[in-house]
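Thank you for making time this morning. I would like to walk you through one model, and I will take it piece by piece.

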Amino acid sequence: MTQYLQDQIYTSLNYNEFVFVEGNREIRSPKVSRMIDSIKKFGLVNPIVVDQYKQIIDGQNRFECCKTLNIPVRYSVFPIEKSILIDLIRDINSVQNNWNNIDIAGAFVVHSKNQDHYKKYLDLVSLGVSHSTVLEACTYLSLGEDKIRSSYFDFKNGNLIISDSVYDKVKGQILMLKDSKIETKIWNRIYFLRALLKLQREKSFDVYSFLENYKKFPHQWKNAYTVEENIKSIITVHNYRNRKKAKYFFE
């Protein structure tokens, strides 16, 4: 194997010798297009980083730009054990905020003992809800269950745990709301979901009565921007022309 100096910058026009790492984020075409304009003007100012096997640790979008422009790739070599390569890639991009939450989950799906839990997360997000909505719903609906870890810290560090029962509950809630007549801009917000989950613990509240009433009387909904305001609006809709009134005592 060729011996490389860690602080040396090398150049190459042999694009085939570089390797994308499975579990790294996908190439973003819009980002590559923006970077190409800069590299055309100034060249590749920031070299890419590869390991001793030419696997790209940092800079795969920059590499793609060089390949598109048919210019030499400038790179430095950072030798690292194969077993911790993806950990380094994930750490670099998480710290630099280069990865979004889908990128992070995608990496853990490929290289993690908790990959099945990240698959559940990706499936829930694919339903059209936000990252925070998924994690909060998992946390809220897992109360009373052991071994549930769904904080953002757990998520980012590869420790996400979503049990099958919690996954089914969260998916059921999301699909129920997607199939309802409630506007997406109303229900797909964390404060609405928190409010609805709180109310579903109250014996006097029937979520199906609320959904049916919203369908019949959408004008009863009042714009809400906090959990408390959402609770009040949900109850208002639920109780309109309903003999069985829901009650909620604010702390």
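This is a predicted model: local features need pLDDT of at least 70, side-chain atom pairs count only at pLDDT 80 or more; totals for chains, interfaces and linings use all residues.

Where is the place of Arg241? Arg241 sits in the segment after H12, helices being DSSP runs of H or I with at least four residues and strands runs of E with at least two, numbered from the N terminus. Residues are numbered from 1 along each chain as its sequence is written, and side-chain values use heavy atoms, with hydrogens and water left out.

Back to Arg241, then, which has a positive phi of about 55° although it is not a glycine, and which is exposed, with a relative accessible area of 67%; here buried means under 20% relative accessible area, exposed over 50%, and partly exposed in between, with a 1.4 Å probe and protein chains only. Asn70, in the loop between H2 and strand S4 (73-77), likewise has a positive phi, near 60°, in a residue other than glycine, and at 56% relative accessibility Asn70 counts as exposed.

Let me turn to H1. Helix H1 (residues 29-42) has 14 residues, which at 1.5 Å a residue should span 20 Å, and its end C-alpha atoms are 20 Å apart, which agrees; the expected span is 1.5 Å times one less than the number of residues. Its buried residues are Val32, Met35, Ile36 and Ile39, and they pack against helix H2 (60-69), contact meaning heavy atoms within 4.5 Å. An α-helix has 3.6 residues a turn, so residues three or four places apart point the same way. After H1 comes Gly43, whose phi is positive, near 85°.

Tyr118 lies in helix H5 (residues 115-125) and counts as buried at 0% relative accessibility, while Phe108 lies in helix H4 (residues 101-110) and counts as buried at 4%. The two are ten residues apart in sequence and 6.6 Å apart in space, C-alpha to C-alpha.

What about H8 (residues 164-178)? Helix H8 has 15 residues and reaches 21 Å from its first C-alpha to its last, close to the 21 Å expected at 1.5 Å a residue. Among its buried residues are Val166, Tyr167, Val170 and Gln173, and the buried residues of H8 pack against H5, helix H6 (131-141), helix H9 (184-187), helix H10 (190-199) and H11.

I will finish with H11 and H12. The axes of helix H11 (residues 207-216) and helix H12 (residues 227-239) come within 8 Å and cross at roughly 80°, the axes being lines fitted to C-alpha atoms over the stretch in contact, with angles running from 0 to 180 degrees between N-to-C directions. That makes H11 roughly perpendicular to H12, a description used for angles of 65 to 115 degrees. The contact is made by Ser209, Phe210, Asn213 and Tyr214 of H11, together with Ile234, Val237, His238 and Asn239 of H12.

Conventions: Angles under 35 degrees count as roughly parallel, over 145 as roughly antiparallel, 65 to 115 as roughly perpendicular and the rest as oblique.
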